[in-house]
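Here's a quick tour of a protein model with a ligand. Have a look at the picture first, then work through the notes below.

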Amino acid sequence: MKIGFIGLGNMGAPMARNLIAAGHDVTGFDLAATPEGITMAHSLTEAADGAEIVITMLPNGEILRQVASDLLTHMSPGSILLDCSTVDVASARAVADQTGTKGIPSLDAPVSGGVGGATAGTLTFMVGGPDDAFAKAKPLFDIMGQKAVHCGPSGNGQAAKICNNMILGVTMIATCEAFALADKLGLDRQAMFDVVSTSSGYSWSMNAYCPAPGIGPQSPADNDYIPGFASELMLKDLRLSQQAAEDADADTPIGQAATNLYAQFVEDENGKGQDFSAMLPRFESRSRS
Ligand code: NAD
């Protein structure tokens, strides 16, 4: 398949390399990155020229809206715009409406799995958009990932992503504050893990990504909290969840509290550049008063 790939940063470059390795004809475009092993175009329009699918992996919804409207005049009707970025639900729906009027179906397909999953081709895609476009993109999801869930119409992929990551942010904070409390109560961390990971307090944050160094499976906690999934990316996703909650008039007090805490951690403390599980050393160093 002839594919244009826009945005070849930490995630986009390894995703594009996996498509190339599977035999697809990929032309990339990025404003700044010059990744090895990928044929790069000199312009957005050159990358999109003749492409059956244009994939975007960009920082935010504002940039996506701009790129999508620039792409529109250069993509042929029947080709597909496949956005894998994490953006606000409203931008995903606006882009789908705009491209739809030109006969270009659009899919919002944010991912879970991070740079490791992008490199290994084991991402999970959560996808919103028309059935036939999903069916056409499915072979590409199978190369770049291990699972693609069709979540419904446009915007529903982004909705699934921010709901998932709101749960993730909240459970990571709860797990970290519980470890810090357990320390002060004299409870051994390994005993805490052994109990919680097999009891009703278990979660992905505890069981698969334990924030306590030396406990549970290997995680960024065992590597000085080098990301992994950086705190500022968690903050981005939590803010998207709260923006969506406001637009939809949904009451999400714990999601809001998690957003406020990550904002404080990233903007006023030393959380920027640290893994999002570095909330544990943050809580360790604090007291109630
Ligand atoms: P990144 O900053 O490494 O890459 C984004 C790339 O887009 C950059 O290379 C930048 O130069 C390029 N770009 C920006 N504006 C452009 C434009 N107008 N035209 C062409 N290129 C442009 O970011 P990333 O870590 O690769 O993340 C990309 C998306 O994936 C984000 O939406 C992020 O939230 C999401 N995501 C990231 C992770 C992760 O662990 N990094 C995990 C899941 C989802």
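Two strands pair if DSSP finds at least two bridges between them. Helices (H or I, at least four residues) and strands (E, at least two) are themselves DSSP runs, numbered from the N terminus. With that in hand, strand S1 and strand S2 (residues 25–29) pair in the parallel sense over five bridges.

Keep in mind that this is a predicted model, in which local features need pLDDT of at least 70, side-chain atom pairs count only at pLDDT 80 or more, and totals for chains, interfaces and linings use all residues. Residues are numbered from 1 along each chain as its sequence is written.

**How confident is the predictor?**

- pLDDT is the predictor's confidence in each residue, from 0 to 100, and the protein has a mean of 97, with 100% of its residues at 70 or more.
- For the complex, the predictor gives an ipTM of 0.99 and a pTM of 0.94.

**The overall shape**

- You'll find twelve helices and nine strands in the protein.
- The C-alpha trace spans about 65 × 40 × 35 Å along its principal axes.
- The radius of gyration, taken over C-alpha atoms, can be checked against a globule rule of 2.2 Å times the number of residues to the power 0.38. For 289 residues a compact globule would come out near 19 Å, and the protein's 20 Å agrees with that.
- A residue is buried if 20 or more other C-beta atoms lie within 10 Å of its own, exposed if 12 or fewer, and partly exposed in between, with C-beta atoms placed from the backbone. Of the 289 residues, 48% count as buried.

- On the S2 side, isoleucine 6 has phenylalanine 29 as its bridge partner.
- To get from S1 to S2, the chain goes through helix H1 (residues 12–21), and this β-α-β crossover is right-handed; that is, with the strands pointing away from the viewer, the path from the first strand over the helix to the second runs clockwise.
- S1 also runs parallel to strand S4 (residues 53–56), joined by four bridges. Phenylalanine 5 has its bridge partner there in isoleucine 55.

**Around the ligand**

- A residue is near a molecule if its C-beta atom, placed from the backbone, lies within 6 Å of it. The ligand is surrounded by 25 residues, and the closest are Gly7, Gly9, Met11, Ser85 and Thr86.
- Helix H3 (61–72), helix H5 (114–120) and helix H10 (231–248) each give at least two residues to this shell.

**Spots worth a second look**

- Most residues other than glycine have a negative phi, and most peptide bonds are trans.
- Tyrosine 225 isn't a glycine, yet its phi is positive, at about 65°. Its place is the loop between helix H9 and H10, and it counts as buried because it has 23 C-beta neighbours inside 10 Å.
- Glycine 228 is in the loop between H9 (204–207) and H10, and a cis peptide bond with omega of about 15° joins proline 227 to this glycine.
- Aspartate 249 also has a positive phi, near 55°. Is this residue buried or exposed? With 6 other C-beta atoms within 10 Å, aspartate 249 is exposed.
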